[in-house]
Amino acid sequence: MTAIELKGLRKEFGDVVALDGVDLTVEEGEVFGFLGPNGAGKSTTINILLDFVRPTDGSATVLGKDSRAHSEAIRSRTGVLPEGYGLYDRLTARQHLEFVIDSKEADDDPMALLDRVGLDAEAADQKTGGFSKGMQQRLILAMALVGEPELLILDEPSTGLDPNGARLMREIVREENERGATVFFSSHILDQVESVCDTVGILQDGNLIAKDTIDGLREASSTGMQLVVTVGGSQSDIDTAVAAVEDITGTDTVSVEDGTLTVTCESDDKMTILNALESTPATVEDFETESASLGEVFTSYTTAAEVEQ
Amino acid sequence: MSWQAIARKDFMDASRSYLLWGLTAVFVLIVSVITAGLGYIAPNLTSTGVINPLHILFQYIIPLIAILISFGAVVDERTSGSLKVLLSLPHSRDDVIVGKMLGRSGAFVLPLVVGMALPALGMLAAGVTFEPLKYVGYILLASVFGLTYVALATGLSAALSSRFRVLLSLLGFYFVFNILWFIVNTASVVLILALSREWPAWMPLSVQETRRVFQLLSPTGDFQLLKQALFNDALYATQVPEGVASLGTQVTATLMLLAWIALPLAFGIVRFRAADL
């Protein structure tokens with residue numbers, strides 16, 4: 001069964017096209033990473049899933065139900081960490097959770113949930129007006145976990161979290177997934193996605209430009225590897241070397257730092273590049289290759305899509 | 001029951017704000033000062049004698065207090081982003097408005113009732129002639145009158161997306177229907193009479209009837225009309241003394257007040273259902 005299904009989803013805000021016909025299927029039990037640069041349309045998609053905004057065209061189905069017609073039924077089975085949310089400054093963390101438990105007719109223990117996200121008893125009875133961004137984020141995550149939801153929709157969940165908080169968040173995503181929940185989360189921070197997601201979708205300018213497993217994406221991407229070359233010589237020698245490499249791999253594929261060139265290229269080009277460097281005044285002192293991280297795959301996808309336009 | 005959860009939370013939220021306590025203090029202070037002042041001047045003071053001057057003041061401040069309490073009901077949650085938390089939960093948008101209306105109604109009625117009840121105890125202790133039916137009846141009427149503005153503020157708060165526009169529309173309504181209305185009412189009759197020397201035959205209603213209709217259209221007019229009937233022992237009575245509105249007119253005024261509660265809420269609900277948040 002599918003947890004989320006988008007068909008030809010389109011959303012215009014005045015003249016601006018936020019989503020340009022997105023088709024997407026998220027299977028039940030999956031951890032799905034929804035990637036894309038800021039402004040790509042990730043939050044608009046999530047807002048449509050939650051019926052905060054209405055599609056101009058196309059449809060969204062969540063847990064087998066139409067997102068517009070059965071929004072309450074969907075939200076009663078879904079835990080949400082929305083983007084750009086605000087808490088009730090005058091209410092305590094515990095009161096927030098009690099309101100969610102009350103609203104969802106669940107029977108969770110607020111203290112157990114707070115403990116799970118790393119908020120202590122002292123924070124429980126503090127008004128959230130004095131909370132740091134990280135504490136707010138932990139509380140809203142605890143609120144999303146109320147009632148063991150079948151689906152978790154997390155919009156940029158690591159925002160404002162320190163590395164420990166981000167790790168805890170990933171652990172909770174894994175635990176919830178093991179319990180059987182489908183997790184759909186958006187991010188522009190790729191490392192987060194890489195370690196927890198089964199499947200990734202990349203959104204760019206309102207279009208879904210890729211959807212695959214992490215490994216599948218890495219293979220499918222033309223960015224096979226990174227070549228790191230240490231070169232010697234004067235600044236002008238290095239500039240000449242950079243120009244020579246860019247003749248082969250294209251512009252913006254080379255970055256220079258302290259005499260080290262980092263080249264994003266396909267593995268077949270490795271020897272060609274090294275040979276080209278030998279024929280320049282710069283001397284090659286050392287080189288190594290690294291397989292691309294998802295970060296480079298992501299950059300490769302989004303910049304390639306830009307060039308096509 | 002989804003709207004109950006929202007109403008509970010909203011009232012709990014409001015009761016932690018200084019505003020609610022400040023308002024209660026203001027009500028207590030106003031009623032106490034007026035009672036004490038009148039008691040000093042007038043030796044045979046009755047509780048009704050206290051309410052008469054109070055009523056003139058209440059006509060103007062009750063709407064402002066109701067607006068102050070309610071205008072942010074939905075729009076503030078929209079601006080702060082807490083609406084996203086609220087609507088991530090299984091609440092419908094209608095539930096939000098109904099829940100907010102109830103929460104803010106409580107936040108308005110509570111200070112009014114406490115503010116009127118404490119000085120009443122003082123009056124009883126001081127031996128002022130106390131007319132409980134009129135006193136309690138007046139609190140009820142004043143509450144319903146205030147609720148028209150709570151509904152108006154909540155409805156517009158849901159219908160518009162900026163805090164400034166909500167406040168501007170509300171103050172505009174207050175100015176037209178609470179201040180300008182009586183001037184327009186009187187001035188238009190005077191103007192017609194001055195121009196045509198007598199009430200024109202083609203007018204479907206007499207001078208008195210026209211003024212009555214004007215009065216009925218404004219919530220403040222309805223409040224005034226019903227208060228007058230109450231204090232003449234003629235509220236919803238079939239026989240009314242000279243100058244007091246007939247039973248039919250009193251019922252119309254009551255229905256008008258209820259309409260002023262229902263219509264702004266309906267407007268807010270329709271607009272809010274269609275909004276992109």
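This is a predicted model: local features need pLDDT of at least 70, side-chain atom pairs count only at pLDDT 80 or more; totals for chains, interfaces and linings use all residues.
**Entry 1: chain A, domains**

I began with how chain A is divided. The domain assignment gives domain 1 as 2–213 and domain 2 as 224–291. I then looked up the separation of the two in chain A: the centres of domain 1 and domain 2, taken over C-alpha atoms, are 42 Å apart.

**Entry 2: chain A, the six-stranded sheet**

Next I went to the strands. One open sheet in chain A has six strands in the order 6-7-8-3-9-10, and its pairing is mixed. Its edge strands are strand 6 (78–81) and strand 10 (207–213) of chain A, each of which pairs on one side only. On average, neighbouring strands of this sheet are turned by 15° against each other, direction ignored.

I followed strand 3 of chain A to its partners. Strand 3 (residues 31–35) runs parallel to strand 9 (residues 199–204) of chain A, and four bridges join them. Here I noted that Gly33(A) stands opposite Val200(A) in strand 9. Strand 3 of chain A also runs parallel to strand 8 of chain A, this time with five bridges. For this pairing I picked out Leu35(A), whose bridge partner in strand 8 is Ser187(A).

**Entry 3: chain A, around strand 8**

Strand 7 of chain A pairs with strand 8 in the parallel sense over five bridges. In that pairing, Leu154(A) has Phe185(A) of strand 8 as its bridge partner.

Are the residues of strand 8 in chain A buried or exposed? I found six of its six residues buried, so to speak a mostly covered strand. In a regular strand, side chains alternate between the two faces of the sheet. With that in mind I checked each side of strand 8 of chain A: Thr182(A), Phe184(A) and Ser186(A) are buried on one, and Val183(A), Phe185(A) and Ser187(A) are buried on the other.

Which strands of chain A does helix 7 lie across? I listed strand 3, strand 7 and strand 8 of chain A for helix 7 (residues 163–179), which runs at about 155° to strand 8. Helix 1 (residues 42–49) of chain A lies across strand 3, strand 7 (151–155), strand 8 (182–187) and strand 9, and runs at about 145° to strand 7.

**Entry 4: chain A, the four-stranded sheet**

I then turned to another open sheet in chain A, with four strands in the order 2-1-4-5 and antiparallel pairing. Strand 2 (16–27) and strand 5 (65–66) of chain A each have a single partner strand, so one side of each is left without a neighbour in the sheet. Strand 1 (residues 2–13) of chain A pairs with strand 2 in the antiparallel sense over nine bridges. I marked Glu5(A), which stands opposite Thr25(A) in strand 2 of chain A.

**Entry 5: where A touches B**

I looked up the contact between the chains: 21 residues come from chain A and 19 residues from chain B. On the side of chain A that touches chain B, the elements giving two or more residues are helix 2 (71–76) and helix 3 (93–103) of chain A. Helix 3 of chain A gives the most to that side, with four residues.

**Entry 6: chain B overall**

Chain B has eleven helices and zero strands. Its C-alpha trace spans about 60 × 55 × 30 Å along the principal axes. I compared the radius of gyration with expectation: a compact globule of 277 residues would have one near 19 Å, and the 21 Å of chain B agrees. Buried residues make up 40% of the 277 residues in chain B. Of the contacts in chain B with a separation of 6 or more, 78% are between residues 24 or more positions apart.

**Entry 7: Thr154(B)**

My last stop was one residue, Thr154(B), in helix 7 (residues 132–159) of chain B. Why does Thr154(B) count as buried? I found 32 other C-beta atoms within 10 Å of Thr154(B), and the cut-off for buried is 20 or more. Not counting residues up to four places away in sequence, Thr154(B) touches several residues, among them Ser70(B), Ile97(B), Arg104(B) and Leu265(B). I also noted Ile261(B), which is 107 residues from Thr154(B) in sequence and 9.9 Å away in space, C-alpha to C-alpha.

Technical notes: Residues are numbered from 1 along each chain as its sequence is written. Chains are lettered from A and ligands numbered from 1 in the order in which they are written. A residue is buried if 20 or more other C-beta atoms lie within 10 Å of its own, exposed if 12 or fewer, and partly exposed in between; C-beta atoms are placed from the backbone. Two residues are in contact if their C-beta atoms, placed from the backbone, lie within 7 Å. Domain bounds come from an automatic or database domain assignment. The radius of gyration is taken over C-alpha atoms; the globule rule is 2.2 Å times the number of residues to the power 0.38. Two strands pair if DSSP finds at least two bridges between them. Axes are lines fitted to C-alpha atoms, for helices over the stretch in contact, and angles run from 0 to 180 degrees between N-to-C directions.
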